[in-house]
Structures are given as structure tokens and as C-alpha cells.
Amino acid sequence: MLLEGIRSGFDVGFYHYFPDLFGICLNEETPLAALKRYCQYSILISDIYKIEVIEDHHHLRIEYSNPLLLKYDDYSALGFFAILYDIVTFYTQDVHIKACVSTPENKLYREFNDYFHTMIQYGKPCNFIEFDIENLKIRNKLFNAKLNRIQKSKLDWMCEQLPANIPFATYVERGIEKIILSEKYSSDSELLATLCSHINMSRWTLNRKLQLEGISYRDVLKKVKLNVACRLLTNTNKSVQEISEMTCFSSQTNFSRFFKNHRQLSPTSYRNFFLQDY
């Protein structure tokens, strides 16, 4: 079962590899503090996904996005929300949530409705989970303030050990991919203009910064287009023509030639090769 697999990853995998993070999440003064702490230090698990915490007088809303996953194939939000839910239920069983995810509804996901005791809303524009704030203010009678300070100091130190600078090319790759998947551009030049607008940088500066890392924008664009095409071929039912248009090739023939030059298989053969066991 999908939920069991995700929870097994939490119980065995995540906790095994990140005991300091989950240790402090289970030693906070309130569930509210625990959720904020997890979001604060989740960069220790990954810097790919983006988290935004929004709090008002009645609710705590946590928004989640993963720019490297297709919105219609992104069940990672459900796994992330399951972890948050597990953290809260360590403190209290009186948990009321609302949750929305961008992935379409799938019968495999229905177990999440039972687990969260609510109807997950699927196919929405964004991923978020929302808690009633009052249920998150319950005091933890076992809270150890001194231990909490020690745990936080260690997590701060661990964050300092993370790579200081992610290569600029990586940021460019993520930006290009996000624009491609949005399907809101019609040419490579428009894509570049959109990218420069998003990162507030001129084309000249962008190219110069990439050259300092020994790579050209053209090479980055080719890499992203190829990676996106591979994922669309194996994770969706989109036709080769649709994928060709989505990655902005002038024709399906040019797309197929480009793909075969880099993967030594035609797009159709590549799809069949990866789907033959399903």
C-alpha cells in the first residue's frame, strides 16, 4: 500500500537517517512548535522542495511544492503531509486538518482519506495542509527545554555544514524545467526571456555566470529538455507529438532526431522499453 510504504520510509528510513531532526520534533513545547521546527530544518533532508508556513488566529497552513516533479505525478506532497500529521499525533489525537494536492485522484491514494480522517481534495492548483491552530497549542508535559537547546544547536551546526553554494547551473536547470512544465511559452527565446525575468537577470549576466562554471545556456537547455522528455514518456500518456510541442521543437521529426542522438533510442522505443514490465 502506498501509505504503508511512505510511513515505513518515515519510521525506518527518515528517522534512521535524520534522528536529530525528528528527535527535536518530538521534544517541543507544543505541536505548533514541532511543525515549525520540522519545516525550519527540513533542508537537512532536501533543498529541492519548497515549504511556506502561513499562520493566522485560526489555522496553520503549510504549503508544499516540488519543482522537480510533474504536478500530476507529485504524490510526494502526500508523503510530506503524512510526516507532519505523524508529528502532531505524537502530541495529541485531536487533530483536524484540511488538505489539497495537485495530483489527480487515484484509488491508491484513498487510504490517505482514512488516515487523515478527512477527504483529501485532489487536482487542486497547489499542495497544502491546514491545521486548526487551537489543537496545536497543547502543552507537552515532557518537554525538556535544556535538551531542546542542545538539539537545536546541533541542527544549526549541521545546517552550517551543508554546501554553501549550489551551482548556478542547477538553479537555471530548475527554472527552465518549471517553465517547460507550466506550458506557458511558445519558443526557446520566450523561455529564456521568462527565465531571465523570474531570476531578475539579463541574458548577458546569465550566460557569463554559466560560462564561469564551464557550461553554456544552450547545453543546460538541451539537458533539461531531454530529462523532461524522458519523464513525460515514462510517467504520462502524452503522445510523442505532444511532448515534442511541450519541449518546443519545431517538429516531431526534429524532436525524435534530438532524442535518439542522446538516448540511442527513438522516443517510442524508449517508452516501450521502460513500460514493457507494466
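Which residue in β4 does R61 stand opposite? The views below come back to that, in a model that is predicted.

View 1. Helix α1, residues 2–17, is where confidence is lowest, with a mean of 53. At the other end of the scale sits helix α3, residues 31–41, where confidence is highest at 95.

**View 2. A four-stranded open sheet.** Reading across this sheet, the strands come in the order β1-β2-β4-β3, and the pairing is antiparallel. The edges are β1 (50–55) and β3 (97–100), each of which pairs on one side only. From one strand to the next, the twist averages 10°. Helix α3 packs on the sheet and touches β1, β2 and β4 (127–132). The direction of α3 makes about 20° with that of β2.

**View 3. Strand β2 with β1.** Here we follow β2, residues 59–65, which is joined to β1 by six bridges and runs antiparallel to it.

**View 4. Strand β4 and its two neighbours.** On one side, β4 pairs with β2 in the antiparallel sense, over six bridges. This is where the opening question gets its answer: R61 stands opposite E130 of β4. Beside β4 there is also β3, joined to it by four bridges and again antiparallel. E130 turns up here too, as the bridge partner of K98. So how enclosed is β4 by the rest of the structure? Largely, because five of its six residues are buried.

**View 5. Helices α10 and α12 where they cross.** Two packed helices are described by the angle between their axes and the distance between the axes. For α10 (residues 217–235) and α12 (residues 252–263), the angle is about 95° and the axes are 11 Å apart. That makes α10 and α12 roughly perpendicular to each other, since angles of 65 to 115 degrees count as such.

**View 6. Side by side at the α10 and α12 contact.** Now for the residues themselves. From α10, the contact is made by K222, L226, N227, A229, C230 and L233. From α12 come F255, F258, F259, H262 and R263. What kinds of residues make up the contact of α10 with α12? They divide into seven nonpolar, two polar and two charged.

Conventions:
Residues are numbered from 1 along each chain as its sequence is written. This is a predicted model: local features need pLDDT of at least 70, side-chain atom pairs count only at pLDDT 80 or more; totals for chains, interfaces and linings use all residues. Side-chain values use heavy atoms; hydrogens and water are left out. pLDDT is the predictor's confidence in each residue, from 0 to 100. Two strands pair if DSSP finds at least two bridges between them. Axes are lines fitted to C-alpha atoms, for helices over the stretch in contact, and angles run from 0 to 180 degrees between N-to-C directions. Contact means heavy atoms within 4.5 Å. Angles under 35 degrees count as roughly parallel, over 145 as roughly antiparallel, 65 to 115 as roughly perpendicular and the rest as oblique. Ala, Val, Leu, Ile, Met, Phe, Trp, Tyr, Cys and Pro count as nonpolar, Asp, Glu, Lys and Arg as charged, and the others, Gly among them, as polar. Buried means under 20% relative accessible area, exposed over 50%, partly exposed in between (1.4 Å probe, protein chains only).
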